[in-house]
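I begin with a sheet and then turn to a single residue and an annotated region.

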Amino acid sequence: MDRATFACSTAFFRDYSSSSHTAFCLPTGHVDFIEKVESFTYSDFFRDYLIPNHPCIFSAKFTEGWGSRRNWVTWDGKPNFDYLLQKFGEAIVPVANCDVKEYNSNPKEQIPFKEYINYWKEYIKNDYRSSRGCLYLKDWHLSRAFPEQDVYTTPVYFTSDWLNEYWDAIGVDDYRFVYMGPKGSWTPFHADVFRSYSWSANICGRKKWLLYPPGQEEYLKDRHGNLPFDVTAPGLQDRSVYPRYTQSQPPVEILQEAGEIVFIPSGWHHQVYNLEDTISINHNWVNGCNVAIMWCFLQDELAAVQREINEWKDPMDDWHLQCQLIMKSCTGIDYKEFYNFLKVIAENRISVLEKGLDDEALAKNTPKAAISTLGMLHAVFDLKRTVKVLTSLSANEDFKKLDLTSLSPPPEALLHHLKAAIDTALL
């Protein structure tokens, strides 16, 4: 980070660390297009998009140096099937059938990548028709499976990424995905995991996005409180089924071209179509700007589980624990793991503030190197936001009912350490 950017960031982080800035915005129908890499700083992104929770589009200039843009695409802008087969042919990949509804999603199966590419070629030859339906390769953890491949470099704007920092640390999972699908493949209406941010870069092809800002999804629910599978379905006009649909605002529409990156803010529900044969790279991520939204989401999820099994509260001795187990099976995390998530994030920032990094460590692609690159004030900002959420978690009655003896350090000790680290850094 250059000196001007650092000075600007210092002001932002001081302002927003202590503010009660709203996380949501009202739609205007306009989405900003960021054209030039050299004139758009991390501080610009932090101020104009992360904090106010606004979507934006980055031009293809931000991805033109990626290996996937060079190698995964033919001269005429199509997926380079031969190259992809050579590199990944033996991989096993998750594939969804876009023509079948299963609950509020599409059914998935695991198949060899070479089988999927052969299907895709045949699908194109048959004028985008197949007895197998429209198959979409989704949520492939390619970076985790092939870390040595020169695929892409995460833009600096998205490097404050707590989700992947934590899941990398425990070596269990990640939220970095590759999507590949033919013209006509699509993703049903949803909001991203944990109400995280997401960014999606088109390696080739075009997408259409329909975006609804937080709160608008309430008008799209049916009389039972369920969200629609497809927000373009004619059935939403039926007031007896969707009584509040006419109160909803039209979606914000984005047409995303090859090479461009779309930033989707926290809690924005969306539906996505591939207008051409398309490959994209997607990350979900949480940071200090939206971790409070993640915490609110977890509380809402637990409350929903508690309502569902409320009749078993009295006869079940471990009812509160069972609620946590059910929530984790549905969302991927429970309150104790959320505590550990906050702990790992906090301790990484404390380590950078207290010990710094040598030149060799800075050169490596590690979370601590990313923290150091964004600057000391960013680490302090992260710690302040962590303190707020951790204070709320520690005071939460459902959290206090759990067996917390396995947590190390205890929440009170971790909070004390965080506050002391912030005070020391700001001296």
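1. Four strands form an open sheet in the order 7-12-9-10, with antiparallel pairing, where strands are DSSP runs (E, at least two residues; helices are H or I, at least four) numbered from the N terminus, and two strands pair if DSSP finds at least two bridges between them. Strand 7 (186-190) and strand 10 (252-256) stand at the edges with a single partner strand each, so one side of each has no neighbour in the sheet. From one strand to the next the twist averages 15°, with angles taken between N-to-C directions on a scale from 0 to 180 degrees, using axes fitted to C-alpha atoms.

2. This is a predicted model, in which local features need pLDDT of at least 70 and side-chain atom pairs count only at pLDDT 80 or more, while totals for chains, interfaces and linings use all residues. Residues are numbered from 1 along each chain as its sequence is written, and side-chain values use heavy atoms, leaving out hydrogens and water.

3. Strand 9 (residues 207-212) is joined to strand 10 by five bridges, the two running antiparallel, and Trp-209 stands opposite Ile-254 of strand 10.

4. Leaving aside residues up to four places away in sequence, Tyr-123 touches Tyr-128, Arg-129, Ser-130, Gly-133, Cys-134, Pro-182 and Lys-183, contact meaning heavy atoms within 4.5 Å.

5. An unreviewed UniProt entry places "domain: JmjC" at residues 143-302, although such annotations may be inferred rather than shown by experiment. Over residues 143-302 the chain is 15% helix and 30% strand.
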